[in-house]
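This report goes through selected features of the structure shown below. Please keep the sequence and the model at hand while reading.

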Amino acid sequence: MEQAIRQALDGFFRDSEQKAYLMAIALTKNHHDALELVQDSMLKLVQKYHRRDPEEWGPLFYRILQNSIRDWFRKQKFRQVLTGLMPWQVDTAESAKVAPSAEDQLRLDDELLRVISALNQLPMRQQQTFLMRAWQEFSTRETAFALSISENSVKTHYARATQQLRRILGDEDG
Amino acid sequence: MDKDRQFQQETKNTFDRHRLDDSTRNALRSARMQALDGPARSRIPRWIPATSFACLLLIMVGFLLNRSEDPSELPQMTAEELALIASEDELELLEELEFYIWFDEDKNV
């Protein structure tokens, strides 16, 4: 890889890595898996798209990350099914899923944990849409691309997620 | 600013205010360096994990069908969960094509 591209990618990752990690940990609630998901997404972007216009890296990176997170959930689900078939096995996936571990809680402040805990009560698509739209400030169009869903679905998920979160966090009118 | 927009802004601020601890920031820096330097090449061909997964899924379904005649004994899964497990997301070519269509349209807006 040429030095100029490497520097540009380094700058892009510096700007994106903390947000990407927080997004991954908000959805997976697992520090080590969140780090791994971010690293794998960086690696894929470097391997497949490093020659592309740097303007394209943002939407592509988040699309890769969201696909990886979806894949992570699929593997968790698969483990649960296997555990159902082999009840003598200890269900580590399930126990890791319930709540942020003590170690993870130390890494996030109370206010953020409160928001994440509310967020995790929503369906997966609503969580992803809310994070992309409200926090990353992606447009409806960019979010639709990153999540591989239609723009109308983004609008619906975003509105529902906002309403639900306001209710859970006690921010409703009246 | 309406109440929803205000709430969205406050939530964004909560995320923006959060500062990661040194250990996580170092881990991310190290992940970035490793990604930029390229991965250690795996000796396992890429098709092996996918094929193994498909075989395991088939064995599991076969086992399930033989194991129990009473459907209530099977692990309960929704249609969404089944789709999640069965889907294969390595549609990279499609991903690229979709991206260029989207990016082209976006530039023309």
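## Model and confidence

This is a predicted model. Its scores are ipTM 0.80 and pTM 0.71.

For chain B, the mean pLDDT is 71, and 42% of its residues reach 70 or more.

Helix α9 of chain A (residues 151-168) packs against helix α1 of chain B (residues 3-17).

On the side of α9(A), the contact is made by Tyr158(A), Thr162(A), Gln163(A), Leu165(A) and Arg166(A). From α1(B) come Lys3(B), Asp4(B), Arg5(B), Phe7(B) and Gln8(B). Sorted by class, the contact of α9(A) with α1(B) has 4 charged, 3 polar and 3 nonpolar residues.

## Ala118 of chain A

Ala118(A) belongs to helix α6 of chain A, which spans residues 110-119. Its relative accessible area is 1%. Buried means under 20%, so Ala118(A) is buried.

Apart from neighbours within four places in sequence, Ala118(A) is in contact with Leu165(A), Ile168(A) and Leu169(A). One of these, Leu165(A), also takes part in the contact of α9(A) with α1(B). Between Ala118(A) and Ile64(A) there are 25 Å in space, C-alpha to C-alpha, and the two are 54 residues apart in sequence.

## Loop residues with positive phi

Lys29(A) sits in the loop between α1 (3-28) and α2 (31-49) of chain A. Lys29(A) has a phi near 60 degrees, a positive value in a residue other than glycine. With a relative accessible area of 15%, Lys29(A) is buried.

Glu137(A) is located in the loop between α7 (124-135) and α8 (140-147) of chain A. The phi of Glu137(A) is near 60 degrees, again a positive value in a residue other than glycine. The relative accessible area of Glu137(A) is 48%. Exposed means over 50% and buried under 20%, with partly exposed in between, so Glu137(A) is partly exposed.

Technical notes. Residues numbered from 1 in each chain as written. Chains lettered and ligands numbered in written order. Predicted model: local features only at pLDDT ≥ 70, side-chain atom pairs only at ≥ 80, totals over all residues. Heavy atoms only, no water. Axes fitted to C-alpha atoms, helices over the stretch in contact; angles between N-to-C directions. Helix = DSSP H or I, 4+ residues; strand = E, 2+ residues; numbered from the N terminus. Contact = heavy atoms within 4.5 Å. Nonpolar A, V, L, I, M, F, W, Y, C, P; charged D, E, K, R; others polar. Buried < 20%, exposed > 50% of the residue type's maximum accessible area, 1.4 Å probe, protein only. pLDDT = per-residue confidence, 0-100.
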